[in-house]
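Here's a quick briefing to read with the model open beside you.

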Amino acid sequence: MTKSPDHANAGSGAARERAIGVLFVCTGNICRSPTAEGVFRALVARAGLAEAIRVDSCGTHGYHVGEPPDERTIRHAARRGYVLANLRARYDLDAPLITQYWHYLANLLQGDFGPSFKYKDFTVTELIAQGLPVSAQNGLCAAVLAVLFGIPLGIAAALKQNSGRDHAVMGIAMVGIVIPTFVSAHLLLLIFGVWLKDTVFHLPAGTWNDGALPNRILPVICLALPFIAYIARIMRGSMIEAMRTNYVRTARAKGLPFRTVVMRHALKTALMPVVTYLGPAIAFLLTGSMVIETVFQLPGIEIGRAHV
């Protein structure tokens, strides 16, 4: 008695279903998703798997379609499930979502940012701790440089308002603000690292070299340039306003020297906006700049974040 086409299709359909079941048994929970199931069903239907298929994934060699899972396959699945269960317990993935969130916040308060996804043998805290001293040193030097140059430039521009000196200082400050740091960094590398290579002004074009002074100069200058410009502009505006106050006019009317009026009376008031700005500026400088540390190849905190 010959089988009808319906019976043949039913038999091949059952074989395909058994093949799908084998693939899902071998791949475990990774493939238990609607998308993966659709892909497997399409592959099985396209290949017409009506006979035995040898599955070589997950170490389940010798398992054929239509056969029940052997003892080796069962032991492998049990070991894999045991490992996954331990991993979920280790990272609190088996706990409710709200519990995971509170554990995460508690670890943050203790300085524990969890393991690194890229370097399995390191934690995020260890990677950040390696680069933080470099970024802090460069940031502190850049903050000092910004204060030493920005405040005098702002005072000089304010005392000669609308003069050539004022326009020159503000023009330079505007250039320092609008030019991105990655442009100024490459310009400094081109000038001091290439064009002045055979002169006494040559500076190393990148690398840290254990914090040698020549290797620090260009990164610190490039990091400080925009902050020098901001501090100069803020200082100019606040000094102009301070020089127009009544107590400064009274001091000048009493015959005090102009230098004394500026340094002892107007400067105290004019520094308040600058001090306010220095708070977040120093915080940014101490934590490093990704662009500067990438261009000059510094082992700072931003490189550590990129490797997390």
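Helices here are DSSP runs (H or I, at least four residues) and strands are runs of E (at least two), numbered from the N terminus. What you're looking at is a predicted model, in which local features need pLDDT of at least 70, side-chain atom pairs count only at pLDDT 80 or more, and totals for chains, interfaces and linings use all residues. Residues are numbered from 1 along each chain as its sequence is written, and side-chain values use heavy atoms, with hydrogens and water left out.

**The whole chain**

- The protein chain has 12 helices and zero strands.
- Of its 308 residues, 31% are buried (buried is under 20% relative accessible area, exposed is over 50%, and partly exposed is in between, with a 1.4 Å probe and protein chains only).
- Its accessible surface is about 19,200 Å², and 65% of that belongs to carbon and sulfur atoms (areas come from the Shrake-Rupley method with a 1.4 Å probe).
- Take the contacts with a separation of 6 or more: 64% of them involve residues 24 or more positions apart (contact means heavy atoms within 4.5 Å).

**Helix 5 and its partners**

- Helix 5 (residues 124-159) packs with helix 6 (residues 164-178) at an angle of about 145°, and the axes are 7 Å apart (axes are lines fitted to C-alpha atoms, for helices over the stretch in contact, and angles run from 0 to 180 degrees between N-to-C directions).
- Helix 5 passes helix 6 in a left-handed crossing.
- At that contact, L153, A156 and A157 of helix 5 meet R165, D166, V169 and M170 of helix 6.
- Sorted by type, the residues of this contact are five nonpolar, no polar and two charged (Ala, Val, Leu, Ile, Met, Phe, Trp, Tyr, Cys and Pro count as nonpolar, Asp, Glu, Lys and Arg as charged, and the others, Gly among them, as polar).
- With helix 8, helix 5 packs at an angle of about 35°, with axes 5 Å apart, and this crossing is right-handed.
- The contact of helix 5 with helix 8 has 24 nonpolar, five polar and two charged residues.
- S135 sits in helix 5 and is buried, at 1% relative accessibility.
- Beyond its neighbours within four places in sequence, S135 touches L285, L286, T287, G288, E293, G300 and I301.

**Aromatic pairs**

- Rings of Phe, Tyr and Trp (its six-membered ring) pair if their centres lie within 6.5 Å; planes under 30 degrees apart are stacked, over 60 edge-to-face, and the rest tilted.
- That rule gives three aromatic pairs.
- One of them is F227 with F284: the ring centres are 5.9 Å apart and the planes are at 40°, so the pair is tilted.
- F227 is in helix 8 (residues 213-243) and F284 in helix 10 (residues 258-286), so the pair ties together parts 57 residues apart in sequence.
- F227 is buried at 10% relative accessibility, whereas F284 is partly exposed at 41%.

**Positive phi**

- Most residues other than glycine have a negative phi.
- N162 isn't a glycine, yet has a positive phi of about 65°; it lies in the loop between helix 5 and helix 6 and is exposed at 57%.
- Q297, also not a glycine, has a positive phi of about 55°; it's in the loop between helix 11 (290-295) and helix 12 (301-306) and is exposed at 54%.

Terms used
Left-handed = near helix turned anticlockwise from the far one by under 90°.
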